[in-house]
Amino acid sequence: MSEGASTVERLMVFNGGMWTLADTHPALLGGWLIDVERELSSVLQNLTDRMRAMHPDAAVMGEALSRAALGGKLIRPRLLGAVVESYGGSLDDSASRVSVALELLHTCLVVHDDVIDDDLTRRGRPNVAGEFAAMHSQRSGHRIDHGAGRSDAKGIAVIAGDLALATVFKLVRRAPVAVLEEVSDLVDEALVASVVGEYLDVVHSWPGAEPTDSDMRVAAHLKTAVYSFETPLVVGALLVDAPTPHIAAMRAAARDMGEAYQVVDDVLGAFEHDTVLGREIASDLENHRETAVITAARGTSHWPRIELLRASPLNVHGIAQLRHELLESGARELAMDRADQLLRRAFEALDEVGVPPQLRVELNDLLESIMGRAR
């Protein structure tokens with residue numbers, strides 16, 4: 001719950017076409033998020049126990065998956081919960097289960113994304129593939145990045161992500177009957193969008209590809225905005241039967257919020273991954289990914305030198321040179337300016353239909369914390 005939201009804002013609910021004071025104080029979002037994390041942990045523990053019962057050795061995969069899923073920012077539950085609470089709804093078991101499902105979807109996509117990017121770390125520690133690469137290293141005596149061990153570890157990470165995905169739809173089936181079909185369709189659409197976005201993210205980096213700014217925005221929307229912003233906001237709106245114009249505004253705002261989030265992720269991936277993201281050495285740069293930073297750099301006088309560096313094999317020294325040129329080009333500032341513009345437009349869409357003041361406060365707090373990581 002935002003410290004800046006007034007008591008009145010926290011008690012306002014939509015009733016009969018106008019904002020009125022609720023009879024009871026809505027559940028505190030912060031406390032509910034703790035419950036969501038606890039339920040997520042319980043779901044993963046149950047999954048691990050089932051695997052252990054089938055074969056004791058398999059429990060390590062469930063444990064690795066749990067470490068990947070727990071301890072995150074809970075962006076999706078926070079968005080869903082902010083909508084439910086601000087419209088005077090109940091942050092009950094139904095809202096918790098759907099939130100856990102969305103976090104597991106995020107876990108699945110992150111695990112698979114790391115495999116695609118050939119990363120072995122996340123959040124400053126080994127990811128699922130990294131854990132099994134280390135295990136292989138210990139048993140074989142080879143280096144942790146040894147080819148066979150790395151390949152096997154990535155294969156295990158793929159099936160661990162698949163297991164998380166299967167659990168997503170099991171949880172979604174327990175959504176309230178009144179909105180079950182709509183929620184199921186939203187989660188299904190989010191998965192398909194994420195797959196298409198990931199595909200575009202990869203092929204945009206292939207030799208000869210010259211994606212336009214529009215292409216990059218479409219990919220960011222599909223890969224990030226749909227599942228991380230649009231889906232939780234709209235599911236929350238469905239749970240409280242929010243007005244149709246408000247849902248439409250949330251969809252529009254979610255597109256811009258998701259794109260801004262992707263810009264921040266791109267900036268961190270290019271410049272501050274060692275301390276913030278904890279990923280391997282600049283995988284976006286090393287894999288020649290077409291990110292918001294690269295798009296911004298294309299229009300600067302530094303682009304010829306940047307393009308030349310990107311065309312060469314990128315060792316640690318080459319990456320350092322590329323980072324320097326990107327910083328000198330002003331690409332970081334240009335990308336962050338773009339993110340700021342997107343967020344202004346997102347809030348304009350929400351203000352136009354008059355969403356609850358509390359929702360605006362919660363969204364602003366969340367997005368400011370996200371943007372702050374890259375400032």
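## A helix pair and a buried glutamate

Helix 4 and helix 17 cross in a right-handed way (the near helix is turned clockwise from the far one by less than a right angle). Helices here are DSSP runs of H or I with at least four residues, numbered from the N terminus. This is a predicted model, where local features need pLDDT of at least 70 and side-chain atom pairs count only at pLDDT 80 or more, while totals for chains, interfaces and linings use all residues. Residues are numbered from 1 along each chain as its sequence is written, and side-chain values use heavy atoms, leaving out hydrogens and water.

**The helix pair**
- Helix 4 (residues 75–86) packs against helix 17 (residues 357–372) at an angle of about 165°, with the axes 8 Å apart; axes are lines fitted to C-alpha atoms over the stretch in contact, and angles run from 0 to 180 degrees between N-to-C directions.
- The two helices are therefore roughly antiparallel (an angle over 145 degrees).
- Their contact (heavy atoms within 4.5 Å) involves residues including Leu79 and Val83 of helix 4, and Leu363 and Leu366 of helix 17.
- Eight nonpolar, two polar and four charged residues make up this contact (nonpolar: Ala, Val, Leu, Ile, Met, Phe, Trp, Tyr, Cys and Pro; charged: Asp, Glu, Lys and Arg; polar: the others, Gly among them).

**A closer look at Glu198**
- You can find Glu198 in helix 8 (residues 180–203).
- Glu198 counts as buried because its relative accessibility is 12% (buried means under 20% relative accessible area, with a 1.4 Å probe and protein chains only).
- Leaving aside residues up to four places away in sequence, Glu198 touches Asp113, Ile116 and Lys223.

**The whole protein**
- The protein has 17 helices and four strands (strands are E runs of at least two residues).
- Of its 375 residues, 54% count as buried.

Technical notes:
Buried means under 20% relative accessible area, exposed over 50%, partly exposed in between (1.4 Å probe, protein chains only). Angles under 35 degrees count as roughly parallel, over 145 as roughly antiparallel, 65 to 115 as roughly perpendicular and the rest as oblique.
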